[in-house]
Amino acid sequence: MSSAPPIVSDAVPARVNLLGMPRARLEEFMVALGEKPWRAQQLFKWIYHQGVDDFARMTDIGRALRERLAACAEVRPPAVAEEHVSADGTRKWLIRVDGGGSVETVFIPEQGRGTLCVSSQVGCALDCSFCSTGKQGFQRDLSAAEIIGQVWIAARTFGLPKRGGQRSITNVVLMGMGEPLLNFDNVVAAMDLMMDDFAYGISKRRVTLSTAGVVPALDRLAGLSEASLAISLHAPNDALRDRLMPVNRRYPIRALLDSARRYMDAQTDVKRVVTVEYTLIKDLNDSVALAHELAALLRGFPCKINLIPFNPFPQSSYERPSRNAVSRFWNVLNDAGYRVTVRTTRGDDIDAACGQLVGRVSDRTRRSARHRAAAPCSPEART
Ligand code: SAH
């Protein structure tokens, strides 16, 4: 039997994507090219401040170096497959990533601020019973380039706070598809770029990681990141939370709250609080009794509470609570002295609200929403 011939690849070696590369690593990369490390800052300015992906346009870099960079490197954001714009300026991008998957990114302009909701994984492994992303299962982690690339794409349209403009991106929340703490290294690298003055320079208070409660990873994050923290609680006791969120069986409420407190204690500035997210589902976790239980649970815990009325999706039998039920729940917490907000939902008609992101555009969307878009994670507004 003759042996198989050796496989010889004549493919062009892949170029290194500079998008998403940590600044320290880019400095090393430039040194390896025989350049000074400060070249990395120059590149950062072009990539993140100016949104330039073509080395030829980086005019304060000498031509010879630009050509060498073009030969071995690239600035490659993920591809935008679809873009929907609403009358109120809300915008949703369907982002196609390598390997066939898609994720969604949403920009929500509001008075005085603009929040970008970013995805961290294609699909999600946690299978929370009220979330449509979970229903599609987990496909893969996004790379740091694909995460920061969502900001890059949005910044190209809206600009950053420093560059002014009413609709600039002032806040980024990791509340799109996926569980950010299960894609730890790429999420941390991308958040560092969001907060790095040489890149996007967004205040640490305005970059928020939201987690369902992967406790060991949250413990690892403490001391490593200064981003703001949101935890998805959704129930004030383990029996109920076990039913809603399988992750609770591994990391129950007490362990999550203790870990979140350790995260806040590791921050250098005092007065920061954890955002506790609580999705209200009709007749499941929206009773006045549970509101009292939640108030008791969180006593002494440094937090503000964000209530999210459930956003329905086809495979779910859950329902959104009435406005009255939301108000009653809000009142109990407010009377107990908590800072409580209700997240407004815009655009659940195009399946872009919290928990509706599945990385594809539904038929309903195709038919009805070419010029209306939505908000998955519109920040705190009392409805
Ligand atoms: N995996 C992260 C980010 C998920 S999405 C996390 O769990 O925190 C951001 C928020 O939307 C979470 O609080 C999530 O629980 C909530 N959410 C998910 N599905 C929802 C739905 N159908 N209606 C309302 N909120 C939902």
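How many helices and strands does the secondary structure of the protein come to? The protein has 13 helices and 14 strands, where helices (H or I, at least four residues) and strands (E, at least two) are DSSP runs numbered from the N terminus. The model is predicted, so local features need pLDDT of at least 70 and side-chain atom pairs count only at pLDDT 80 or more, while totals for chains, interfaces and linings use all residues. Residues are numbered from 1 along each chain as its sequence is written, and side-chain values use heavy atoms, with hydrogens and water left out.

Of the 383 residues in the protein, 57% are buried; buried means under 20% relative accessible area, with a 1.4 Å probe and protein chains only. Among contacts (heavy atoms within 4.5 Å) with a separation of 6 or more, 66% are between residues 24 or more positions apart.

In soluble globular proteins, nonpolar side chains tend to be buried together. A nonpolar core here is a set of buried Ala, Val, Leu, Ile, Met, Phe, Trp, Tyr and Cys residues joined through side-chain atoms within 4.5 Å. The largest one has 108 residues, of which Leu 18, Leu 43, Met 191, Leu 298 and Leu 307 touch the most other members. Helix α5 (residues 144-158) gives this core its largest share, 9 residues. Both domain 1 (16-74) and domain 2 (79-350) contribute at least three residues to this core; the domain bounds come from an automatic or database domain assignment. A second, separate core has 6 residues, including Val 106, Val 173, Met 175 and Ala 230.

The whole structure contains 1 cavity of 30 Å³ or more. On a 1 Å grid over the protein atoms alone, a cavity is a set of points where a 1.4 Å probe fits but cannot get out, and lining residues have an atom within 4 Å of a point. The volume of the largest cavity is about 470 Å³, counted as the space filled by probe spheres set on the points, which are joined across faces, edges and corners. Its lining has 31 residues, and those closest to the centre are Phe 130, Cys 131, Met 175, Gly 176 and Ser 232. At least two lining residues come from each of α4 (132-135), β10 (207-211), β12 (274-280) and β13 (303-309).

The loop between β12 and α11 (288-297) holds Asp 286. Asp 286 counts as buried because its relative accessibility is 12%. Leaving aside neighbours within four places in sequence, Asp 286 is in contact with Leu 280, Ile 281, Pro 321, Ala 325 and Phe 329.

Conventions. 1 Å grid on protein atoms, 1.4 Å probe; cavity = no way out; pocket = protein on both sides within 12 Å on 5 of 7 lines; lining within 4 Å. Buried < 20%, exposed > 50% of the residue type's maximum accessible area, 1.4 Å probe, protein only.
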